[in-house]
Amino acid sequence: MNKKLRKAVIAGNWKMNKTRPEAFDLIEAIKPLAANADCEVVVCVPFTNLETAVNAVKGTNIRVGAQNCHFEKSGAFTGEISADMLAELGVEYVVLGHSERRQYFAETDETVNKRLKAALAAGLKPIVCVGELLWERECGITDEVLGKQCKLDFYGISADDMRKTVIAYEPVWAIGTGKTATAEQAEEACAYIRSVIAKLFGKDVADAVTVQYGGSMNAKNAAELLSKENVDGGLIGGASLKAPDFGEIIKAANG
Ligand code: PEP
């Protein structure tokens with residue numbers, strides 16, 4: 001396994017935050033902090049901010065992502081947005097299967113898998129979130145949970161498409177709670193996920209695939225987490241809403 005084969009991806013998940021003027025201001029503040037980044041910098045903004053964000057990042061190295069997409073191309077799905085609609089807008093990334101979607105919006109591994117296929121078909125780069133509940137960790141079944149999610153979420157995709165997919169290891173107990181996994185726990189889980197990908201898609205794909213850590217990553221703990229061999233970046237919620245903090249995480253990813 002070789003960390004140097006992979007480019008770190010530092011992605012902010014803004015969740016349901018920021019109006020359009022606020023989004024514009026935050027991107028303007030992030031621009032200079034991302035300007036010399038070795039890593040890929042992504043802002044995953046609410047649907048209403050996508051066009052603002054796509055225009056604001058023109059000519060910079062910041063990429064724009066959405067936080068979900070529907071699996072059908074079009075049709076009677078009130079309130080939903082298709083992958084094609086995102087791609088047409090100039091969006092490059094899309095977060096799929098975030099634990100908040102799984103918890104509050106009945107998202108399942110089956111629908112994550114369908115959304116993943118739709119996103120890949122539209123040419124988007126998916127960031128697929130997997131992770132165990134606290135109860136599952138306490139019961140000692142973290143590996144089983146991660147293995148099952150990877151098998152189901154990535155079912156039926158090609159090795160080439162797997163290479164284009166970013167995996168975010170997000171222990172559910174660490175999201176928005178201020179409780180971060182230790183760097184050792186993050187490394188262990190990310191390495192396990194990579195071993196599952198190796199079994200499913202081969203070692204070359206596993207070596208190439210980006211596996212991020214997400215869960216209360218911040219300006220203080222980022223460097224230690226990102227120093228781990230199998231942690232290739234971060235999916236960051238709360239700390240991505242403060243430009244200086246997000247800037248520190250980008251700096252930590254640059255090494
Ligand atoms: C997230 O939203 O994916 C996340 C990791 O949130 P936070 O950084 O706030 O825990």
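**Strands, rings and helices**

Modeller: Let us begin with a strand. Both faces of strand 6 are covered, with Val166 and Ala168 buried on one side and Ile167 and Tyr169 buried on the other. Here buried means under 20% relative accessible area, exposed means over 50%, and partly exposed lies in between, with a 1.4 Å probe and protein chains only. Helices (H or I, at least four residues) and strands (E, at least two) are DSSP runs numbered from the N terminus.

Colleague: On what basis are these values given?

Modeller: The model is predicted: local features need pLDDT of at least 70 and side-chain atom pairs count only at pLDDT 80 or more, whereas totals for chains, interfaces and linings use all residues. Residues are numbered from 1 along each chain as its sequence is written, and side-chain values use heavy atoms, with hydrogens and water left out.

Colleague: How should I read the two sides of a strand?

Modeller: In a regular strand the side chains alternate between the two faces of the sheet. In strand 6, Val166 and Ala168 are on one side, and Ile167 and Tyr169 are on the other.

Colleague: Which strand is joined to strand 6 by four bridges?

Modeller: Strand 5 (residues 125-130) is joined to strand 6 by four bridges, and the two run parallel. Two strands pair if DSSP finds at least two bridges between them. Tyr169 in strand 6 is the bridge partner of Val130. Strand 6 also pairs with strand 7 in the parallel sense, over three bridges, and there Tyr213 in strand 7 is the bridge partner of Tyr169.

Colleague: How many aromatic pairs does the structure hold?

Modeller: A pair of aromatic rings is described by the distance of the centres and the angle of the planes. Rings of Phe, Tyr and Trp (its six-membered ring) pair if their centres lie within 6.5 Å; planes under 30 degrees apart count as stacked, over 60 as edge-to-face and the rest as tilted. The structure holds one such pair. Its members are Tyr169 and Tyr213, in a tilted arrangement with 6.2 Å centre to centre and 55° between the planes. The pair links distant parts of the chain, as Tyr169 in strand 6 (residues 166-169) and Tyr213 in strand 7 (residues 211-214) are 44 residues apart.

Colleague: Why does Tyr213 count as buried?

Modeller: Tyr213 counts as buried because its relative accessibility is 0%. Tyr169 counts as buried because its relative accessibility is also 0%.

Colleague: What sits over the ring of Phe105?

Modeller: A charge sits over a ring if NZ of Lys or CZ of Arg is within 6 Å of the ring centre and within 35 degrees of the ring normal. The charged end of Arg101 sits over the ring of Phe105, 4.1 Å from its centre. Likewise, the charged end of Lys114 sits over the ring of Phe71, 4.3 Å from the centre of that ring.

Colleague: How many residues does helix 1 have, and what span does it reach?

Modeller: The expected span of a helix is 1.5 Å times one less than its number of residues. Helix 1 (residues 20-34) has 15 residues and reaches 20 Å from its first C-alpha to its last, close to the 21 Å expected.

Colleague: Which residues of helix 1 are buried, and why do they lie on the same side?

Modeller: The buried residues of helix 1 are Ala23, Leu26, Ile27, Ile30 and Ala34. They lie on the same side of helix 1 because they cover an arc of only 105° around the axis, where the arc is that of the directions from the helix axis to the C-beta atoms. The face turned away from this buried side carries the exposed residues Pro21, Asp25 and Pro32.

Colleague: What covers the buried residues of helix 1?

Modeller: The cover includes strand 2 (40-44), helix 2 (50-56), strand 3 (62-66) and helix 12 (243-254).

Colleague: Which residues of helix 12 are buried?

Modeller: In helix 12, Ala243, Phe246, Gly247, Ile249, Ile250 and Ala252 are buried. Among the elements that cover them are helix 1, strand 1 (9-13) and strand 8 (233-236). Just after helix 12, Gly255 takes a positive phi of about 85°.

Colleague: Where is Gly234, and what does Gly234 touch?

Modeller: Gly234 is in strand 8. Contact means heavy atoms within 4.5 Å. Not counting residues up to four places away in sequence, Gly234 touches Val9, Ile10, Ala11, Gln212, Tyr213, Met217 and Leu226.
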